[in-house]
Structure formats: structure tokens, C-alpha cells
Amino acid sequence: MTSRYLDFRLALGIPLALMAALLLIDPAPLDFALANLFYEPGQGFIGRHSFWLEDILHDRAKQAVIVVGVLAIVGFVLSLLPTRLRVWRRPLGYLVLALGLSTSVVTPLKALTGMHCPWSLSEFGGQEQFTPLLAERAPTAKPGRCWPGGHASAGFSLLALFFVLRDRRPRAARVALAVALGLGSLFSLGRMLQGAHFLSHNVWTLLIDWVICLVTYRLVLYRAPAVHSADARLVMGGQLQ
């Protein structure tokens with residue numbers, strides 16, 4: 001089955017350019033301006049102890065995404081057997097791989113970067129000193145674990161559903177894309193209201209998950225349309241003459 005054409009130069013180049021921009025242009029002023037909107041001096045972040053944000057939007061919502069991952073694994077195992085799911089073996093294998101990579105990369109990156117959450121910073125009632133992403137961390141007994149956003153990744157990892165469906169069910173793929181972006185953004189906002197992340201943490205998470213899902217799609221699922229393959233052969237033939 002051939003894939004619908006996708007310009008990977010744009011699909012990969014745009015997020016990489018945005019990553020470069022985040023490294024070159026300090027997002028801290030915007031991060032702090034937004035965080036201050038959700039912070040009340042002497043009381044803390046307005047959503048820090050919210051039942052809806054912590055128990056429902058964080059814990060229960062993350063569990064729902066885990067269920068999606070478990071169902072993907074079950075579906076892939078069943079596709080290895082002589083069942084109706086065998087035609088979905090490769091897409092389901094991709095889904096398991098993309099979801100796994102998108103979510104598992106978060107923990108080692110958190111440990112590597114050591115970024116502190118807003119609620120830990122002295123500007124917001126904490127004890128830690130803020131340092132930019134690539135700067136050397138100030139000495140502390142409690143290294144941060146807040147970059148990238150783990151909860152945001154639970155939502156944005158569902159971008160994998162878009163790539164699973166784009167060649168087989170284009171309309172469903174667009175719905176999946178909207179759901180992944182919507183859930184990831186909702187999860188991001190909830191954690192910002194709680195003081196767990198800055199905006200840039202969650203933007204980085206979106207970009208990282210998109211790149212992971214895109215590259216995995218290119219390696220596992222994408223089959224170039226015949227017309228583009230023929231054009232490429234003609235170009236290569238012309239260059240060899």
C-alpha cells in the first residue's frame with residue numbers, strides 16, 4: 001500500500017527550525033510572564049492543589065492514555081496471529097513503537113537536563129535558582145526533573161495515531177491530529193496552572209514527540225507514491241547521463 005505524499009523536508013524542517021529558535025531566543029521572559037498570571041504571592045499557584053487538575057486531568061487522563069498504549073500492544077500481538085488484525089500488523093507495530101519512544105524519552109531527558117519546575121523556583125516561593133536550558137545548573141541537593149513535560153507528552157504522543165491513519169483513513173487521521181494536539185495542549189495548560197511547567201517546556205515536548213512520530217513513520221510505514229518514485233528515478237537518471 002502506497003502512502004499519501006508527504007514533504008518530509010517541511011514536516012521535519014519546521015520543527016527543527018523551531019527547536020533552534022528556542023535555543024537562540026530565550027523563552028524565559030514569556031515563560032515567567034505567563035507563570036505569574038497563575039501565581040498568587042503567599043498562596044502559590046492557583047491550581048497546585050486542584051482536585052480536577054491533579055486527580056482528573058493529570059492522574060486519570062494519563063491512565064486513559066496508558067490504556068491506549070496497552071490496547072495497541074494487545075492489537076499488535078493479535079495481529080501476529082491469523083486474525084482480521086493481521087492487515088494492521090505494521091501500523092499497530094508502528095503505533096506501539098512511536099508511543100513507546102515518545103513517552104519513554106521523557107524520563108532520561110529530565111534527568112539529563114535537571115531543569116526545575118516553576119513551583120521550585122525562588123521567584124515562585126521555592127528555594128531553587130532558575131537557569132536556562134543549556135546553562136550550567138546552580139549547585140542544589142534536589143536537581144530538577146521538569147524538562148520536557150511528561151504529562152504533555154502523554155497527550156502529544158497520540159500524534160502517532162495521525163500517522164497510523166493518514167494513509168488508510170484520512171478523515172479519521174485529521175480527527176486524531178486534532179485530538180492529540182488538543183489533549184496535549186490541555187494537559188500542558190493544566191500543569192502550567194499548577195506550576196509544574198513553563199510554556200516552553202511543553203512546546204519542546206510537542207516538537208520532540210512530533211519528530212519522533214514523524215521519523216518513525218518514515219522508517220516503518222511510509223511508502224512513497226509511484227508518481228514521486230518515478231520522478232525521483234528520472235531525476236537520478238538525468239544526473240547520471
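Select His151, in helix H6 (residues 150-156); helices here are DSSP runs of H or I with at least four residues, numbered from the N terminus. The model is predicted: local features need pLDDT of at least 70, side-chain atom pairs count only at pLDDT 80 or more, and totals for chains, interfaces and linings use all residues. Residues are numbered from 1 along each chain as its sequence is written, and side-chain values use heavy atoms, without hydrogens and water.

His151 has a relative accessible area of 3%, so it counts as buried (under 20%, 1.4 Å probe, protein chains only). Show its contacts (heavy atoms within 4.5 Å). Leaving aside neighbours within four places in sequence, they are Leu57, His58, Lys62, Phe187 and Arg191.

Next, select H3 (residues 51-79) and H4 (residues 89-104). Their axes come within 9 Å and cross at roughly 145°. Axes are lines fitted to C-alpha atoms over the stretch in contact, with angles from 0 to 180 degrees between N-to-C directions. On the H3 side, pick Gly69, Ala72, Ile73, Gly75, Phe76 and Ser79; they meet Arg89, Leu92, Gly93, Leu95, Val96 and Leu99 in H4.

Now the largest nonpolar core: 42 residues. Such a core is a set of buried Ala, Val, Leu, Ile, Met, Phe, Trp, Tyr and Cys residues joined through side-chain atoms within 4.5 Å. Leu6, Tyr94, Phe124, Phe163 and Tyr217 have the most contacts inside it. Zoom in on Tyr217. Not counting residues up to four places away in sequence, Tyr217 touches Ser3, Leu6, Phe8, Tyr94, Phe163, Arg166, Asp167 and Tyr222.

Last stop: a second, separate core of ten residues, including Leu22, Trp147, Trp204 and Ile208.

Key. Helix = DSSP H or I, 4+ residues; strand = E, 2+ residues; numbered from the N terminus. Buried < 20%, exposed > 50% of the residue type's maximum accessible area, 1.4 Å probe, protein only.
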